[in-house]
Amino acid sequence: MKWSTTASLILLLGCWSVADGRSVNVQLEDVRVHESPDHTRVVFDTTAAVNYELFTLSNPDRVVIDLSNTALRPDFDLATVPPGRKRVKGVRASARSSGYRVVLDVAMPVRPKGFALKPQSPYGHRLVVDLFSEAPAADGSAGGSPAVVPRDEKRPIVVAIDAGHGGKDPGAVGPNRVREKTVVLSIARKLAAKLDAVRGYRTVLIRDGDYYVPLRDRNVKARNLGADLFISIHADAFKSPEVAGASVFTLSDRGASSETARWLAQRENSYESIGGISLTEHDELVAKVLWDISMDASRSASITAGERVLDALGSVAKLHKNRVEQAGFLVLKSPDVPSILVETGFISNPRDARRLNTSDYQDRIASAVAEGVRTYMEAYAPPGTLIAWERERGEVRYTIERGDTLSEIAARYGTSTRRIREANDLRGDSIRIGQTITIPAG
Ligand SMILES: [Zn+2]
(Lines give C-alpha, C1' and ligand atoms only; values in the text may rest on other atoms or scores of the structure.)
Protein backbone atom coordinates (compact mmCIF):
# COMPACT_ATOMS: atom_id res chain seq x y z
CA MET A 1 0.00 0.00 0.00
CA LYS A 2 1.25 3.44 -0.76
CA TRP A 3 -0.20 6.78 0.00
CA SER A 4 0.46 10.42 -0.33
CA THR A 5 -1.11 13.33 1.42
CA THR A 6 -1.95 16.74 0.18
CA ALA A 7 -3.18 19.29 2.63
CA SER A 8 -5.15 22.32 1.68
CA LEU A 9 -6.59 25.46 3.16
CA ILE A 10 -8.15 25.48 6.54
CA LEU A 11 -11.09 27.75 6.81
CA LEU A 12 -12.96 28.08 10.03
CA LEU A 13 -16.55 29.12 9.67
CA GLY A 14 -19.49 28.75 11.96
CA CYS A 15 -20.15 25.06 12.54
CA TRP A 16 -23.40 23.21 12.60
CA SER A 17 -24.23 19.68 13.60
CA VAL A 18 -25.82 16.85 11.76
CA ALA A 19 -28.06 14.19 13.23
CA ASP A 20 -25.25 11.89 14.38
CA GLY A 21 -23.58 14.66 16.34
CA ARG A 22 -20.68 15.39 13.97
CA SER A 23 -19.63 18.98 13.65
CA VAL A 24 -19.65 20.12 10.03
CA ASN A 25 -19.25 23.42 8.27
CA VAL A 26 -18.99 22.39 4.62
CA GLN A 27 -21.55 20.76 2.42
CA LEU A 28 -20.63 18.65 -0.60
CA GLU A 29 -23.02 19.81 -3.29
CA ASP A 30 -22.00 17.86 -6.35
CA VAL A 31 -19.31 15.65 -7.85
CA ARG A 32 -18.42 15.94 -11.53
CA VAL A 33 -16.18 13.58 -13.48
CA HIS A 34 -14.52 14.73 -16.71
CA GLU A 35 -12.38 12.38 -18.75
CA SER A 36 -9.69 13.52 -21.14
CA PRO A 37 -7.32 11.13 -22.85
CA ASP A 38 -4.41 11.83 -20.54
CA HIS A 39 -6.11 12.43 -17.24
CA THR A 40 -9.43 12.38 -15.44
CA ARG A 41 -10.63 15.41 -13.52
CA VAL A 42 -12.99 14.97 -10.58
CA VAL A 43 -14.48 18.22 -9.32
CA PHE A 44 -16.12 18.46 -5.90
CA ASP A 45 -18.45 21.42 -5.55
CA THR A 46 -18.54 22.56 -1.94
CA THR A 47 -20.20 25.37 -0.03
CA ALA A 48 -16.88 26.52 1.43
CA ALA A 49 -13.18 25.85 1.10
CA VAL A 50 -12.57 22.37 2.42
CA ASN A 51 -9.66 20.85 4.28
CA TYR A 52 -8.85 17.49 2.75
CA GLU A 53 -6.49 14.57 2.60
CA LEU A 54 -5.81 12.73 -0.62
CA PHE A 55 -4.19 9.32 -0.98
CA THR A 56 -4.26 6.13 -3.00
CA LEU A 57 -4.83 2.51 -2.00
CA SER A 58 -4.10 -0.56 -4.09
CA ASN A 59 -5.64 -4.04 -4.48
CA PRO A 60 -8.02 -2.90 -5.80
CA ASP A 61 -6.87 0.56 -6.91
CA ARG A 62 -8.72 3.36 -5.17
CA VAL A 63 -8.29 7.07 -4.62
CA VAL A 64 -9.47 8.29 -1.24
CA ILE A 65 -10.43 11.88 -0.52
CA ASP A 66 -11.14 12.63 3.12
CA LEU A 67 -13.09 15.87 3.41
CA SER A 68 -12.92 17.40 6.88
CA ASN A 69 -16.00 18.73 8.61
CA THR A 70 -18.10 17.95 5.59
CA ALA A 71 -21.56 16.55 5.06
CA LEU A 72 -23.38 15.59 1.91
CA ARG A 73 -26.10 17.87 0.63
CA PRO A 74 -29.16 16.10 2.10
CA ASP A 75 -30.80 15.37 -1.25
CA PHE A 76 -27.57 14.42 -3.03
CA ASP A 77 -27.10 10.76 -3.87
CA LEU A 78 -23.53 9.95 -4.92
CA ALA A 79 -24.79 6.85 -6.70
CA THR A 80 -26.26 9.18 -9.32
CA VAL A 81 -22.80 10.51 -10.29
CA PRO A 82 -21.97 9.06 -13.70
CA PRO A 83 -18.49 7.49 -13.59
CA GLY A 84 -15.89 8.24 -16.23
CA ARG A 85 -15.39 5.91 -19.15
CA LYS A 86 -11.72 5.29 -18.58
CA ARG A 87 -10.18 5.73 -15.13
CA VAL A 88 -13.05 6.18 -12.69
CA LYS A 89 -15.30 3.13 -12.41
CA GLY A 90 -17.38 4.31 -9.51
CA VAL A 91 -17.82 6.91 -6.79
CA ARG A 92 -18.88 6.03 -3.25
CA ALA A 93 -18.75 7.74 0.09
CA SER A 94 -19.29 7.25 3.76
CA ALA A 95 -19.61 9.50 6.79
CA ARG A 96 -16.69 9.48 9.20
CA SER A 97 -16.32 11.01 12.62
CA SER A 98 -14.15 13.78 11.21
CA GLY A 99 -16.06 14.42 8.02
CA TYR A 100 -16.80 12.58 4.83
CA ARG A 101 -14.76 10.01 2.93
CA VAL A 102 -15.18 9.81 -0.83
CA VAL A 103 -13.69 6.77 -2.56
CA LEU A 104 -13.08 6.67 -6.31
CA ASP A 105 -12.79 3.13 -7.64
CA VAL A 106 -10.27 3.40 -10.43
CA ALA A 107 -9.56 1.09 -13.33
CA MET A 108 -5.78 1.45 -13.13
CA PRO A 109 -3.09 2.81 -10.82
CA VAL A 110 -3.25 6.59 -10.91
CA ARG A 111 -1.30 9.48 -9.48
CA PRO A 112 -3.75 12.00 -8.00
CA LYS A 113 -3.12 15.70 -7.66
CA GLY A 114 -5.53 17.89 -5.72
CA PHE A 115 -5.98 21.61 -5.58
CA ALA A 116 -8.61 24.04 -4.37
CA LEU A 117 -10.29 26.65 -6.51
CA LYS A 118 -11.93 29.78 -5.22
CA PRO A 119 -15.40 30.72 -6.46
CA GLN A 120 -15.52 32.01 -9.98
CA SER A 121 -18.87 32.54 -11.65
CA PRO A 122 -20.77 30.36 -12.35
CA TYR A 123 -18.95 28.04 -9.95
CA GLY A 124 -18.51 28.20 -6.20
CA HIS A 125 -15.75 26.64 -4.10
CA ARG A 126 -14.28 23.60 -5.76
CA LEU A 127 -11.83 20.91 -4.85
CA VAL A 128 -10.30 19.49 -8.01
CA VAL A 129 -8.63 16.08 -8.07
CA ASP A 130 -6.78 15.24 -11.27
CA LEU A 131 -5.95 11.60 -11.84
CA PHE A 132 -2.99 10.94 -14.06
CA SER A 133 -2.15 7.45 -15.23
CA GLU A 134 0.95 6.31 -13.40
CA ALA A 135 4.12 7.44 -15.14
CA PRO A 136 5.85 4.71 -17.08
CA ALA A 137 8.70 3.08 -15.18
CA ALA A 138 11.79 5.28 -15.02
CA ASP A 139 13.82 2.73 -16.94
CA GLY A 140 11.55 3.24 -19.90
CA SER A 141 10.32 -0.35 -19.77
CA ALA A 142 6.71 0.74 -20.06
CA GLY A 143 7.49 3.81 -22.09
CA GLY A 144 7.35 2.13 -25.44
CA SER A 145 10.90 3.10 -26.29
CA PRO A 146 12.94 -0.01 -26.98
CA ALA A 147 16.03 2.11 -27.73
CA VAL A 148 16.29 3.01 -24.02
CA VAL A 149 18.39 0.35 -22.34
CA PRO A 150 18.83 0.53 -18.59
CA ARG A 151 22.45 0.40 -17.50
CA ASP A 152 22.99 -0.06 -13.80
CA GLU A 153 19.50 1.38 -13.39
CA LYS A 154 20.58 4.83 -14.50
CA ARG A 155 17.51 6.69 -15.59
CA PRO A 156 16.89 8.20 -19.01
CA ILE A 157 16.65 11.93 -19.56
CA VAL A 158 12.93 12.69 -19.77
CA VAL A 159 11.86 15.33 -22.29
CA ALA A 160 8.26 16.57 -22.15
CA ILE A 161 7.02 17.70 -25.55
CA ASP A 162 4.02 19.98 -25.57
CA ALA A 163 2.15 20.50 -28.82
CA GLY A 164 0.50 23.90 -28.37
CA HIS A 165 -3.26 24.46 -28.42
CA GLY A 166 -5.59 21.58 -29.40
CA GLY A 167 -9.29 20.78 -29.35
CA LYS A 168 -11.44 23.89 -29.00
CA ASP A 169 -8.32 26.05 -29.29
CA PRO A 170 -7.06 25.77 -32.88
CA GLY A 171 -4.19 28.19 -32.35
CA ALA A 172 -3.30 30.29 -35.36
CA VAL A 173 -4.89 29.62 -38.73
CA GLY A 174 -2.83 30.40 -41.81
CA PRO A 175 -3.48 30.63 -45.53
CA ASN A 176 -5.32 27.59 -46.96
CA ARG A 177 -6.71 26.82 -43.49
CA VAL A 178 -3.40 25.46 -42.23
CA ARG A 179 -4.03 25.08 -38.52
CA GLU A 180 -1.37 25.53 -35.86
CA LYS A 181 -2.78 22.83 -33.56
CA THR A 182 -2.44 20.22 -36.31
CA VAL A 183 1.01 21.25 -37.53
CA VAL A 184 2.52 21.40 -34.04
CA LEU A 185 1.11 18.02 -33.00
CA SER A 186 2.72 16.47 -36.04
CA ILE A 187 6.08 18.12 -35.28
CA ALA A 188 5.80 17.10 -31.61
CA ARG A 189 5.22 13.45 -32.54
CA LYS A 190 8.18 13.46 -34.92
CA LEU A 191 10.39 15.04 -32.27
CA ALA A 192 9.29 12.43 -29.73
CA ALA A 193 10.09 9.58 -32.11
CA LYS A 194 13.53 10.99 -32.84
CA LEU A 195 14.49 11.44 -29.20
CA ASP A 196 13.00 8.11 -28.14
CA ALA A 197 15.29 6.46 -30.66
CA VAL A 198 18.32 7.83 -28.84
CA ARG A 199 19.67 5.67 -26.05
CA GLY A 200 19.33 7.46 -22.71
CA TYR A 201 16.31 9.56 -23.65
CA ARG A 202 12.61 9.11 -23.10
CA THR A 203 9.89 11.52 -24.17
CA VAL A 204 6.36 12.19 -22.98
CA LEU A 205 3.80 13.97 -25.12
CA ILE A 206 1.75 16.45 -23.11
CA ARG A 207 -1.05 16.01 -25.62
CA ASP A 208 -1.21 13.25 -28.20
CA GLY A 209 -4.44 14.05 -29.97
CA ASP A 210 -6.77 16.87 -30.83
CA TYR A 211 -7.88 17.97 -27.38
CA TYR A 212 -7.24 20.99 -25.18
CA VAL A 213 -5.01 20.86 -22.12
CA PRO A 214 -5.12 23.97 -19.88
CA LEU A 215 -1.85 25.88 -19.90
CA ARG A 216 -0.97 25.38 -16.26
CA ASP A 217 -1.76 21.66 -16.47
CA ARG A 218 0.84 21.29 -19.17
CA ASN A 219 3.88 22.02 -17.06
CA VAL A 220 2.29 20.37 -14.01
CA LYS A 221 1.97 17.21 -16.06
CA ALA A 222 5.55 17.54 -17.25
CA ARG A 223 6.75 17.81 -13.66
CA ASN A 224 4.58 14.88 -12.52
CA LEU A 225 6.17 12.76 -15.21
CA GLY A 226 9.64 13.70 -14.02
CA ALA A 227 10.59 15.83 -17.03
CA ASP A 228 14.11 17.22 -17.22
CA LEU A 229 13.17 19.59 -20.02
CA PHE A 230 9.85 20.97 -21.27
CA ILE A 231 9.52 21.99 -24.92
CA SER A 232 6.36 23.71 -26.12
CA ILE A 233 5.93 23.64 -29.91
CA HIS A 234 4.06 26.43 -31.68
CA ALA A 235 3.64 28.05 -35.10
CA ASP A 236 1.89 31.31 -34.47
CA ALA A 237 0.43 34.13 -36.48
CA PHE A 238 1.44 37.74 -36.45
CA LYS A 239 -0.60 40.71 -37.63
CA SER A 240 1.80 41.27 -40.49
CA PRO A 241 2.13 38.41 -43.03
CA GLU A 242 5.72 39.43 -43.83
CA VAL A 243 6.98 38.29 -40.43
CA ALA A 244 8.55 34.85 -40.86
CA GLY A 245 11.06 32.42 -39.44
CA ALA A 246 11.65 30.29 -36.39
CA SER A 247 12.34 31.58 -32.88
CA VAL A 248 12.93 30.19 -29.43
CA PHE A 249 11.52 31.72 -26.26
CA THR A 250 12.13 31.32 -22.57
CA LEU A 251 10.21 32.89 -19.75
CA SER A 252 10.95 36.54 -19.21
CA ASP A 253 11.78 38.01 -15.86
CA ARG A 254 8.90 40.40 -16.26
CA GLY A 255 7.10 41.59 -19.32
CA ALA A 256 8.39 40.75 -22.73
CA SER A 257 11.62 41.55 -24.48
CA SER A 258 10.16 42.47 -27.83
CA GLU A 259 6.87 43.60 -29.23
CA THR A 260 6.38 40.32 -31.09
CA ALA A 261 7.10 38.43 -27.91
CA ARG A 262 4.57 40.51 -25.97
CA TRP A 263 1.96 40.04 -28.64
CA LEU A 264 2.47 36.29 -28.86
CA ALA A 265 2.41 35.87 -25.08
CA GLN A 266 -0.92 37.68 -24.98
CA ARG A 267 -2.37 35.33 -27.58
CA GLU A 268 -1.06 32.17 -25.95
CA ASN A 269 -2.34 33.10 -22.52
CA SER A 270 -5.82 34.11 -23.60
CA TYR A 271 -7.25 30.60 -23.28
CA GLU A 272 -6.40 30.41 -19.63
CA SER A 273 -9.89 30.59 -18.13
CA ILE A 274 -11.69 28.22 -20.46
CA GLY A 275 -14.40 26.09 -18.87
CA GLY A 276 -14.86 28.31 -15.82
CA ILE A 277 -11.78 26.98 -14.07
CA SER A 278 -9.18 29.68 -13.78
CA LEU A 279 -5.92 27.89 -13.28
CA THR A 280 -4.03 31.07 -12.62
CA GLU A 281 -5.19 30.88 -9.02
CA HIS A 282 -4.50 27.24 -8.43
CA ASP A 283 -1.72 26.47 -6.01
CA GLU A 284 -1.12 30.20 -5.96
CA LEU A 285 0.65 30.46 -2.63
CA VAL A 286 2.77 27.36 -3.00
CA ALA A 287 3.65 28.15 -6.56
CA LYS A 288 4.70 31.69 -5.79
CA VAL A 289 7.10 30.65 -3.07
CA LEU A 290 8.56 27.87 -5.22
CA TRP A 291 8.97 30.13 -8.18
CA ASP A 292 10.90 32.72 -6.23
CA ILE A 293 13.31 30.10 -4.96
CA SER A 294 14.08 28.13 -8.06
CA MET A 295 12.96 30.21 -11.00
CA ASP A 296 16.36 31.81 -11.44
CA ALA A 297 18.23 28.52 -11.84
CA SER A 298 15.54 27.11 -14.06
CA ARG A 299 15.49 30.25 -16.23
CA SER A 300 19.21 30.28 -16.86
CA ALA A 301 19.14 26.55 -17.77
CA SER A 302 16.21 27.32 -20.07
CA ILE A 303 18.17 30.03 -21.87
CA THR A 304 21.16 27.72 -22.40
CA ALA A 305 18.91 24.93 -23.72
CA GLY A 306 17.11 27.47 -25.89
CA GLU A 307 20.40 28.67 -27.39
CA ARG A 308 21.39 25.13 -28.40
CA VAL A 309 18.00 24.54 -30.01
CA LEU A 310 18.10 27.89 -31.81
CA ASP A 311 21.62 27.09 -33.13
CA ALA A 312 20.40 23.80 -34.54
CA LEU A 313 17.25 25.37 -36.01
CA GLY A 314 19.42 27.91 -37.82
CA SER A 315 20.67 25.19 -40.13
CA VAL A 316 17.20 24.16 -41.35
CA ALA A 317 15.06 27.27 -41.05
CA LYS A 318 15.28 31.01 -41.48
CA LEU A 319 15.49 32.49 -38.01
CA HIS A 320 13.14 35.25 -36.95
CA LYS A 321 15.61 36.40 -34.29
CA ASN A 322 19.20 35.29 -33.82
CA ARG A 323 18.98 35.15 -30.07
CA VAL A 324 16.70 33.46 -27.59
CA GLU A 325 13.80 35.79 -26.84
CA GLN A 326 11.97 36.11 -23.59
CA ALA A 327 8.24 36.51 -22.98
CA GLY A 328 5.67 35.91 -20.28
CA PHE A 329 4.32 32.63 -21.66
CA LEU A 330 2.32 31.02 -18.88
CA VAL A 331 3.11 27.52 -20.14
CA LEU A 332 6.80 28.17 -19.40
CA LYS A 333 6.23 29.07 -15.76
CA SER A 334 7.76 25.99 -14.27
CA PRO A 335 9.90 26.55 -11.21
CA ASP A 336 12.05 23.48 -11.54
CA VAL A 337 11.84 22.18 -15.09
CA PRO A 338 13.84 24.16 -17.66
CA SER A 339 11.28 25.17 -20.26
CA ILE A 340 11.49 26.53 -23.78
CA LEU A 341 8.92 27.47 -26.37
CA VAL A 342 9.82 26.90 -30.02
CA GLU A 343 7.99 28.99 -32.58
CA THR A 344 8.66 26.80 -35.60
CA GLY A 345 7.59 29.57 -37.97
CA PHE A 346 4.80 32.04 -38.57
CA ILE A 347 1.73 30.36 -39.96
CA SER A 348 0.52 33.84 -41.03
CA ASN A 349 3.40 33.97 -43.52
CA PRO A 350 2.41 32.17 -46.76
CA ARG A 351 5.85 30.60 -47.27
CA ASP A 352 6.20 29.42 -43.66
CA ALA A 353 2.64 28.07 -43.71
CA ARG A 354 3.24 26.11 -46.90
CA ARG A 355 6.47 24.60 -45.58
CA LEU A 356 5.13 23.88 -42.10
CA ASN A 357 2.32 21.91 -43.69
CA THR A 358 4.72 19.45 -45.34
CA SER A 359 5.92 16.31 -43.62
CA ASP A 360 9.45 16.86 -44.92
CA TYR A 361 9.83 20.30 -43.33
CA GLN A 362 8.19 19.13 -40.11
CA ASP A 363 10.73 16.35 -40.07
CA ARG A 364 13.67 18.72 -40.51
CA ILE A 365 12.40 21.01 -37.76
CA ALA A 366 11.95 18.03 -35.43
CA SER A 367 15.48 16.79 -36.22
CA ALA A 368 16.95 20.21 -35.50
CA VAL A 369 15.15 20.52 -32.16
CA ALA A 370 16.24 17.00 -31.22
CA GLU A 371 19.82 17.84 -32.11
CA GLY A 372 19.68 21.03 -30.02
CA VAL A 373 18.28 19.07 -27.06
CA ARG A 374 21.04 16.51 -27.33
CA THR A 375 23.79 19.12 -27.60
CA TYR A 376 22.44 20.78 -24.47
CA MET A 377 22.03 17.52 -22.56
CA GLU A 378 25.48 16.24 -23.49
CA ALA A 379 26.83 19.25 -21.60
CA TYR A 380 24.25 19.52 -18.82
CA ALA A 381 22.87 16.03 -18.29
CA PRO A 382 20.90 15.97 -15.01
CA PRO A 383 22.58 14.01 -12.19
CA GLY A 384 21.39 10.43 -11.94
CA THR A 385 20.81 10.00 -15.64
CA LEU A 386 22.60 7.46 -17.76
CA ILE A 387 24.12 10.19 -19.89
CA ALA A 388 25.48 12.13 -16.88
CA TRP A 389 26.92 8.91 -15.51
CA GLU A 390 28.62 8.11 -18.80
CA ARG A 391 30.07 11.62 -19.02
CA GLU A 392 31.53 11.31 -15.52
CA ARG A 393 33.26 8.11 -16.57
CA GLY A 394 34.76 9.82 -19.60
CA GLU A 395 32.66 7.82 -21.98
CA VAL A 396 32.00 9.10 -25.47
CA ARG A 397 28.66 8.91 -27.20
CA TYR A 398 28.79 8.28 -30.90
CA THR A 399 26.04 8.45 -33.50
CA ILE A 400 26.35 5.84 -36.26
CA GLU A 401 26.82 7.24 -39.74
CA ARG A 402 26.53 5.64 -43.15
CA GLY A 403 29.37 3.21 -43.78
CA ASP A 404 30.31 2.74 -40.10
CA THR A 405 31.10 -0.71 -38.77
CA LEU A 406 31.48 -1.69 -35.15
CA SER A 407 35.06 -2.89 -35.60
CA GLU A 408 36.08 0.31 -37.37
CA ILE A 409 34.54 2.43 -34.57
CA ALA A 410 36.30 0.27 -31.95
CA ALA A 411 39.61 0.78 -33.72
CA ARG A 412 39.06 4.53 -33.99
CA TYR A 413 38.45 4.86 -30.24
CA GLY A 414 41.10 2.36 -29.16
CA THR A 415 38.66 -0.12 -27.68
CA SER A 416 37.23 -3.49 -28.65
CA THR A 417 33.94 -4.51 -30.28
CA ARG A 418 33.28 -6.70 -27.25
CA ARG A 419 33.46 -3.74 -24.86
CA ILE A 420 31.22 -1.64 -27.10
CA ARG A 421 28.72 -4.49 -27.30
CA GLU A 422 28.70 -4.84 -23.50
CA ALA A 423 28.29 -1.13 -22.90
CA ASN A 424 25.35 -0.95 -25.27
CA ASP A 425 23.65 -4.30 -24.73
CA LEU A 426 24.21 -5.14 -28.37
CA ARG A 427 23.82 -8.77 -29.40
CA GLY A 428 25.68 -9.00 -32.68
CA ASP A 429 27.57 -6.58 -34.87
CA SER A 430 24.51 -4.99 -36.43
CA ILE A 431 24.15 -1.25 -36.01
CA ARG A 432 21.96 1.24 -37.81
CA ILE A 433 22.47 4.75 -39.11
CA GLY A 434 21.41 7.38 -36.57
CA GLN A 435 21.75 4.99 -33.62
CA THR A 436 23.69 6.48 -30.69
CA ILE A 437 26.09 4.20 -28.89
CA THR A 438 28.38 4.65 -25.93
CA ILE A 439 32.09 4.18 -26.43
CA PRO A 440 33.51 2.97 -23.08
CA ALA A 441 36.32 4.99 -21.57
CA GLY A 442 39.93 3.89 -22.03
ZN1 LIG B 1 0.70 28.91 -30.46
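Since the model is predicted, local features are described only where pLDDT is at least 70 and side-chain atom pairs count only at pLDDT 80 or more, whereas totals for chains, interfaces and linings use all residues. Residues are numbered from 1 along each chain as its sequence is written.

The protein has nine helices and 19 strands; helices (H or I, at least four residues) and strands (E, at least two) are DSSP runs, numbered from the N terminus. Of its 442 residues, 40% are buried, a residue being buried if 20 or more other C-beta atoms lie within 10 Å of its own, exposed if 12 or fewer, and partly exposed in between, with C-beta atoms placed from the backbone. Contacts are pairs of residues whose C-beta atoms, again placed from the backbone, lie within 7 Å. Among contacts with a separation of 6 or more, 73% link residues 24 or more positions apart.

As for confidence, pLDDT (the predictor's confidence in each residue, from 0 to 100) has a mean of 79, and 79% of residues reach 70 or more. Residues 1-21 sit below 50, and the model gives this stretch 33 contacts beyond near neighbours in sequence. Residues 136-152 also stay under 50, with 27 contacts beyond four places in sequence.

Turning to the strands, two of them pair if DSSP finds at least two bridges between them. Strand 8 (residues 88-96) and strand 9 (residues 99-106) run antiparallel and are joined by eight bridges. A hairpin of two residues links the two strands, and Ala-93 faces Val-102 of strand 9 across the pair.

Further along, six strands make up an open sheet with mixed pairing, in the order 13-12-14-17-15-16. Strand 13 (201-205) and strand 16 (325-327) are at the edges with a single partner strand each, so one side of each has no neighbour in the sheet. On average, neighbouring strands here are turned by 30° against each other, direction ignored, with axes taken as lines fitted to C-alpha atoms (for helices over the stretch in contact) and angles running from 0 to 180 degrees between N-to-C directions.

Helix 2 (residues 215-224) is largely enclosed by the rest of the structure, because eight of its 10 residues are buried. Those buried residues include Leu-215, Arg-216, Asp-217 and Val-220. Just past the helix, Gly-226 adopts a positive phi of about 75°.

Definitions and conventions. Two residues are in contact if their C-beta atoms, placed from the backbone, lie within 7 Å.
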